[in-house]
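Student: Could we go through this structure together? I would like to discuss its charged contacts, its pocket and its surface.

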Amino acid sequence: MTFVHTIPAEDATGNLQELYNADLQSLGYVANYTTAMSLRPEAIIAWRSLIGTIRSKMHLRRFELVTFAAAGALRFTY
């Protein structure tokens with residue numbers, strides 16, 4: 001059960017609908033972080049830009065290892 005108010009895909013309009021559709025096209029589902037930030041589509045766009053900038057300077061394997069190491073250090077199991 002979610003405790004954060006979100007906008008379901010069927011109610012999305014404008015930029016949010018485009019972001020949901022981009023997730024569906026690239027992932028086959030709407031990512032949890034996209035749904036979690038659905039009230040602020042501009043935050044989703046900024047987040048994707050930040051991650052894209054970080055990843056553009058790293059090999060994919062290094063990015064994955066850094067992500068895994070950070071999650072482990074934070075004891076994050078999701």
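This is a predicted model: local features need pLDDT of at least 70, side-chain atom pairs count only at pLDDT 80 or more; totals for chains, interfaces and linings use all residues.

Student: How many salt bridges does a search of the whole structure find?

Tutor: The search finds one salt bridge. It joins the side chains of arginine 48 and aspartate 23, at 2.5 Å from N to O. Arginine 48 belongs to helix α3 and aspartate 23 to helix α1, so the pair ties together parts that are 25 residues apart in sequence.

Student: Is aspartate 23 buried or exposed?

Tutor: Aspartate 23 counts as buried, because its relative accessibility is 3% and the limit for buried is under 20%. Arginine 48 is partly exposed, with a relative accessible area of 24%.

Student: And what is aspartate 23 in contact with, leaving aside neighbours within four places in sequence?

Tutor: Its contacts of that kind are Gly28, Tyr29, Val30, Ala31, Thr34 and Arg48. Aspartate 23 itself sits in helix α1, which covers residues 14-27.

Student: Changing topic, what is the volume of the largest pocket?

Tutor: The volume of the largest pocket is about 740 Å³. Its lining comprises 23 residues, of which Tyr33, Trp47, Ile51, Phe63 and Thr67 are the closest to the centre.

Student: Which elements give two or more residues to that lining?

Tutor: They are α2 (32-36), α3 and α4. Helix α4 gives the most, with seven residues.

Student: Now the surface. Which residues make the nonpolar patch?

Tutor: Tyr33, Trp47, Leu50 and Ile54 make this patch, which has an area of about 360 Å². Tyr33 and Trp47 were also named among the residues closest to the centre of the largest pocket.

Student: Where does the largest share of the patch come from?

Tutor: Helix α3, residues 41-56, supplies the largest share, with three residues. Isoleucine 54 lies in that helix. It is partly exposed, at 36% relative accessible area, and patch residues need over 30%.

Student: One last point, on the backbone. What is phi of arginine 75?

Tutor: Phi of arginine 75 is near 55 degrees, a positive value in a residue other than glycine. Most residues other than glycine have a negative phi.

Student: Where is arginine 75 found, and is it buried or exposed?

Tutor: Arginine 75 is found in the segment after α4 (60-73). It counts as exposed, because its relative accessibility is 77% and the exposed class begins over 50%.

Conventions
Residues are numbered from 1 along each chain as its sequence is written. Side-chain values use heavy atoms; hydrogens and water are left out. Patches are made of residues with over 30% relative accessible area and no salt bridge: like charges are joined within 9 Å, nonpolar side chains (Val, Leu, Ile, Met, Phe, Trp, Tyr) within 5 Å. Accessible areas come from the Shrake-Rupley method with a 1.4 Å probe; for residues, only the protein chains shown count as cover. A salt bridge is a side-chain nitrogen of Lys or Arg within 4 Å of a carboxyl oxygen of Asp or Glu. Helices (H or I, at least four residues) and strands (E, at least two) are DSSP runs, numbered from the N terminus. Buried means under 20% relative accessible area, exposed over 50%, partly exposed in between (1.4 Å probe, protein chains only). Contact means heavy atoms within 4.5 Å. On a 1 Å grid over the protein atoms alone, a cavity is a set of points where a 1.4 Å probe fits but cannot get out, and a pocket is an open set with protein on both sides within 12 Å along at least five of seven lines; lining residues have an atom within 4 Å of a point. Grid points are joined across faces, edges and corners, and a volume is the space filled by probe spheres set on the points.
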